[in-house]
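Please open the model in your viewer and keep a selection panel at hand.

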Amino acid sequence: MNDYESYYHALNMLQAPYPEGEAVIATSAELSFKYARDVLKAPFLLGEAVIATSAEYSYKYALEVLKEHFPLGEAAIATSFSLSYVYAIYVLKAPFPLGEKVIATSSQYSFHYARYVLKGRFILGEPAIAESLIGSLNYARDIIKAPFPLGEKIMSENRIIYKQYRKLFPKKPKPSFFTY
């Protein structure tokens, strides 16, 4: 039997583990994850190496099977900004330093990582956040609670947003001893 046949045999016919088919199931990240979740309802050690090659199935395995971190799959997870973020939120419930570099490539995920994971400034993600008009305003107002110079250029392109920003963070007048 091939990998799919072995998995479906265990799931539908036996409705129990199928030790004779586990070696072939362990050649597929998807089927190894599904076998662990749907058949074993426990970790599938033989399939963990192949699961660890897939960002998606490493995350799902950690969340749905292990219900804790999956160190073997973290390198794969760290290739995806969305999976790195949800891994930090739902699995680790803490920062995921290995995934921060990729999270920092996304304005939206950088903002959400700062807000919901770090609960503060995410310096590595600030250049991406600064590419978003609303993200820049919200980051200044809700996260750093201070002016966000990096995002001022994009905010200045929208009169309404920039007015809101300036109302929150007015420019400080220069001391009178400066000559202009």
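## The nonpolar core

Begin by selecting Y35, Y87, Y113, Y139 and F148, which are the residues with the most contacts inside the largest nonpolar core, a set of 52 residues. A nonpolar core here is a set of buried Ala, Val, Leu, Ile, Met, Phe, Trp, Tyr and Cys residues joined through side-chain atoms within 4.5 Å, where buried means under 20% relative accessible area, exposed means over 50%, and partly exposed lies in between (1.4 Å probe, protein chains only). Next colour helix α7, residues 81–92, which gives the most to this core, with seven residues. Helices are DSSP runs of H or I with at least four residues, numbered from the N terminus.

Two notes on reading the model belong here. This is a predicted model, in which local features need pLDDT of at least 70 and side-chain atom pairs count only at pLDDT 80 or more, whereas totals for chains, interfaces and linings use all residues. Residues are numbered from 1 along each chain as its sequence is written, and side-chain values use heavy atoms, with hydrogens and water left out.

Now centre the view on F148 and show its surroundings: not counting residues up to four places away in sequence, F148 touches E126, I129, A130, S136, Y139, A140, M155 and Y165, a contact being heavy atoms within 4.5 Å.

## Helix α11 and its ends

Select residues 133–144, which make up helix α11; its 12 residues reach 16 Å from the first C-alpha to the last, close to the 16 Å expected at 1.5 Å a residue, the expected span being 1.5 Å times one less than the number of residues. Which residues of α11 are buried? They are G135, S136, L137, N138, Y139, A140, I143 and I144, and what covers them includes α9 (107–118), α10 (126–129), α12 (149–155) and α13 (159–168).

At the N-terminal end, show the side chain of S132, which caps α11 through a side-chain oxygen lying 2.9 Å from the backbone nitrogen of G135. This is a polar contact, meaning a pair of N or O atoms within 3.5 Å; within protein, one must be able to donate a hydrogen and the other to accept it, and residues adjacent in sequence count only if both atoms are side-chain atoms. After the helix comes K145, whose phi is positive, near 50°.

## Around helix α5

Move to S54, in the loop between α4 (48–51) and α5, which counts as buried at 15% relative accessibility. Its side chain reaches the backbone nitrogen of Y57 at 3.1 Å, and a polar atom of that side chain also lies 3.4 Å from the backbone nitrogen of E56. Leaving aside neighbours within four places in sequence, S54 is in contact with A29 and A76.

From there, show the side chains of E56 and K60, which both lie in helix α5 (residues 55–66), four residues apart, about one turn of the helix. The two form a salt bridge whose closest N and O atoms are 3.0 Å apart; a salt bridge is a side-chain nitrogen of Lys or Arg within 4 Å of a carboxyl oxygen of Asp or Glu. Both partners are partly exposed, E56 at 35% relative accessibility and K60 at 25%.

## Other salt bridges

The count of salt bridges comes to nine. Select E126 and R121, whose side chains meet at 2.5 Å, N to O; E126 is buried, with a relative accessible area of 7%, whereas R121 is partly exposed at 45%. Then select E157 and K153, which meet at 3.5 Å, N to O, and which are exposed, E157 at 57% and K153 at 60%.

## Aromatic rings

The count of aromatic pairs comes to 12. Display Y7 and Y8: their ring centres are 4.9 Å apart and their planes stand at 65°, so the pair is edge-to-face. Rings of Phe, Tyr and Trp (its six-membered ring) pair if their centres lie within 6.5 Å, with planes under 30 degrees apart counted as stacked, over 60 as edge-to-face and the rest as tilted. Y7 is buried at 2% relative accessible area, while Y8 is partly exposed at 38%.

Note on methods:
Helices (H or I, at least four residues) and strands (E, at least two) are DSSP runs, numbered from the N terminus.
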